[in-house]
Amino acid sequence: MEMPQPDTLVLSRKAHIVQRLQKVLPESAVIFEEQEVRAYECDALTAYRCPPMIAVLPGSTTEVSAVLKICNEEGVPVVPRGSGTSLAGGALPTSDCVILGVARMNAVLETNYEDRYIRVQSGRTNLSVTGAVEQNDFFYAPDPSSQLACAIAGNVAMNSGGAHCLKYGVTTNNLLGVTMVMMDGEVVEIGGAYLDSAGLDLLGVICGSEGQLGVVTEATLRILRKPEGARPVLMGFDSNEVAGACVSDIIKAGVLPVAIEFMDKPCVEAVEDFAKAGYPEAEAVLIVEVEGSETEINDQLAKIKKIAITHKPVELRESKSEEESAAIWAGRKAAFGAMGRISDYMCLDGTIPVSELPLVLRRIGEMSKKYGLKVANVFHAGDGNMHPLILFDANKPGDLELCEEFGAEVLKLCVEVGGCLTGEHGVGVEKRDLMLTQYNQTDLDAQMDVKDVFDPKWLLNAAKVFPLSSSDDRRAI
Amino acid sequence: MNLKTETDIASYVSDAYASGCKLRIVGGGTRQSLGNPCESEAVLSTTGLNGISLYEPGALTIVAASGTPLADIEAALAAEGQRLPFEPMDHRGLLGSSGTPTIGGVVACNISGSARIQAGACRDSLIGVRFVDGTGTVIKNGGRVMKNVTGYDLVKLMAGSMGTLGVLTEVAFKVLPAPETKAVLLMEGLTDATAIQALSKALSSPYEVSGAAHVQKGLDGDPVTMIRVEGFEKSVSYRIEKLRKLLTSFGESSIEIDPVHTKAGWKWVHDVEGFANQTGDVWKISVKPADGPKVAQKLPEAECLFDWGGGLVWALTPESTDIRKTLQGISGFAERVRGNTQNTSPARVAQNAAIAKIEHGLRTKFNPKGILNAGIMG
């Protein structure tokens, strides 16, 4: 992975920068020893590592502001970090950077059930946001698979999704406001506990900007009352095409399930070995979940089953109890772990128009043969967000490169059929160099113009999202 | 000037950029009085860009040229049992304007309706845009798939930017199934504060309320509180009964299920029809729902209509009063939607200096000579 040349001037002033940071932060919050900064050398994209020059763990918006002010004055690149669960390398350091981790900032600042929002510090984990309100039967809707560990800061940076966003939307649809610190240290409040704001939708462009526009320290999030109940149905089909057609027919019939998950045969087999979820032997398995009261669930599932039967499923299994529901989900939730047990893998997350599903799955199958690497597909079918897992052996020389080449070809295919490179993981460094397959230079310039406004010196997470050759001139300023 | 394609628009804007000619962008022309008065020397109409280029009901996606009449889009969706999730309001009655609303105008002003409380605003359903910036350059962002985090989300930035960053040429939406049926729970005679409490209780229930409004003066002059649920018939009848029981402590209620009445009644609320033929300025105020009644309290001379569970207050005020000073201390924002153009206070002001600086920076990048809808956002 090509990264910008480290700024030798910055590196040469490390001691001075550490000293300045120590003046505004508690001693334990400035990490600079070579052995210790190694803990921050990568995120969940572990193929790439680079220890940062310094890592800091501020405990408040004021401390974040002080850190950024110093870094801005000293011209030090800053890489913000939530919990470090990015699959795209969004928090990958450069050797001359300060990693700014928000993990210590995890407080709940306000909960308001009457107006249905919660305000948290951004280091709080996704699941613990729901944890803070579930005693009152409320929840925070976006539910990325990493929700146990991932921080709201990272969710906002990547505009994270999850399995249930077909009904509830992704982060940007559930984010009401942020407190953000600009690179020069200025603290701005954008949005709030109300729905519409004056002026341009800055909140909209900040969400998903991968930590390149500012450091979000607090977030106001919409919370929702939990549904009375939820129940899944599991269906097996003898081809991917038929399963895809079934998804499309369910949606066309006006039923909006809260989740539609799709697993292909290689994925089902791996899951069966690992989780023994009792999935059927089928080419494709769908899990469709609906919500509501008992009556509403029965009514919706009846509609869904009626549609499914016209596609001649090899299995149609409706959950009759909490245990059966858990069993149906157990396999899906174990999918990544199951794959991880048998092999190293790379997880892609391109999105495609749902109608292109059969074609894309067939082409991925062909590529799998061409590259000699196995691939398993598990994804959110309702919204076309694919998750092909390409299996490789990290210890075999050349295998990672081969896998990356395969991955790039899949993502190019996603774009070719009208989709995009990433549906919920973000670009990071992983897809940075593919950006020109989806956008032309003018489109990217428009995006980079936005960064110019927020971070004129390009100090914030600057080596991400845009191909280095496209951002060269701007970064040089 | 008859602009029929994106290329036509680009070349027209490019010429205007070269000569510094200030342009007023017009779609259907039904919302022209929104925002601050605009300096312009020529009009750029988008109505030549007309037509739905892609509609896949099975993928819940529609793509259309910006000048396409909203009604055409709604009709195409209705034919497949689908709809735009955000229920865009019609400003014609309120503003006394005429013309045919276009989808581009809806996006440029981020126009939503009562459903925003559940389904989000226009910007939440918008998944892709193409536009011509203030130099005549064509830019695309987002696309036609509903989950897309590839690069910055300029789609949201364009929604509600009122043409100040570029001329929209194409827009793409995520759509939703239209409900089989609707029902509205009606309560009469509640005070603002009690009504908003009732709405809050309904919105905090698991019964998926899709509209929550309160008017101080209903058609017969008395306060009416309205709660809407939508969906499959069995589900709707179940939820509306549950809501009725949940809210018994607030007094008597009735249930309206006649589709003609529910539709017309709700349109009356969310198009603010009650203010259409009354004199006075009209303000749109966005606050925390619980602050809705406080807004009304601070404006004793105003008539108020509450939507979004109390979070959106429409206030009919005496002409030429700037209510923003009166509302200081309540967080949120207020803009004048209707009023005398000679009024000295602007319809819209920036939230604060820090935000104004960022907005100015963005406009300078996308519209460097300020030729597009100059001054409309302040």
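Which residues line the second largest cavity? I found A:I352, A:P353, A:V354, A:D383, B:A59, B:T61, B:R144, B:V145 and B:M146.

**Basis.** I worked from a predicted model, in which local features need pLDDT of at least 70, side-chain atom pairs count only at pLDDT 80 or more, and totals for chains, interfaces and linings use all residues. Residues are numbered from 1 along each chain as its sequence is written, chains are lettered from A and ligands numbered from 1 in the order in which they are written, and side-chain values use heavy atoms, with hydrogens and water left out.

**Cavities.** I took a cavity as a set of points, on a 1 Å grid over the protein atoms alone, where a 1.4 Å probe fits but cannot get out; lining residues have an atom within 4 Å of a point. Volume is the space filled by probe spheres set on the points, which are joined across faces, edges and corners. I counted four cavities of 30 Å³ or more.

The largest cavity holds about 300 Å³ of space. It has 25 lining residues, and B:I25, B:G27, B:G105, B:A108 and B:C109 are the closest to its centre. In chain B, β1 (23-26), α4 (103-108) and β8 (167-174) each give two or more residues to this lining; α4(B) supplies the largest share, four residues. Helices (H or I, at least four residues) and strands (E, at least two) are DSSP runs, numbered from the N terminus. I sorted the lining of the largest cavity into 11 nonpolar, 12 polar and two charged residues. Here Ala, Val, Leu, Ile, Met, Phe, Trp, Tyr, Cys and Pro count as nonpolar, Asp, Glu, Lys and Arg as charged, and the others, Gly among them, as polar.

The second largest cavity holds about 50 Å³, and its lining has six nonpolar, one polar and two charged residues.

**Helix α18(A).** I noted 14 residues (441-454) and a reach of 20 Å from first C-alpha to last. At the helix start, a side-chain oxygen of A:N440 comes to within 3.0 Å of the backbone nitrogen of A:T442.

**Strand β14(B).** I found seven of the seven residues (281-287) buried. B:D281, B:W283, B:I285 and B:V287 point one way, and B:V282, B:K284 and B:S286 the other.

How values were computed. 1 Å grid on protein atoms, 1.4 Å probe; cavity = no way out; pocket = protein on both sides within 12 Å on 5 of 7 lines; lining within 4 Å. Expected span 1.5 Å × (residues − 1). Polar contact = N/O pair within 3.5 Å; in protein donor to acceptor, adjacent residues only side chain to side chain. Buried < 20%, exposed > 50% of the residue type's maximum accessible area, 1.4 Å probe, protein only.
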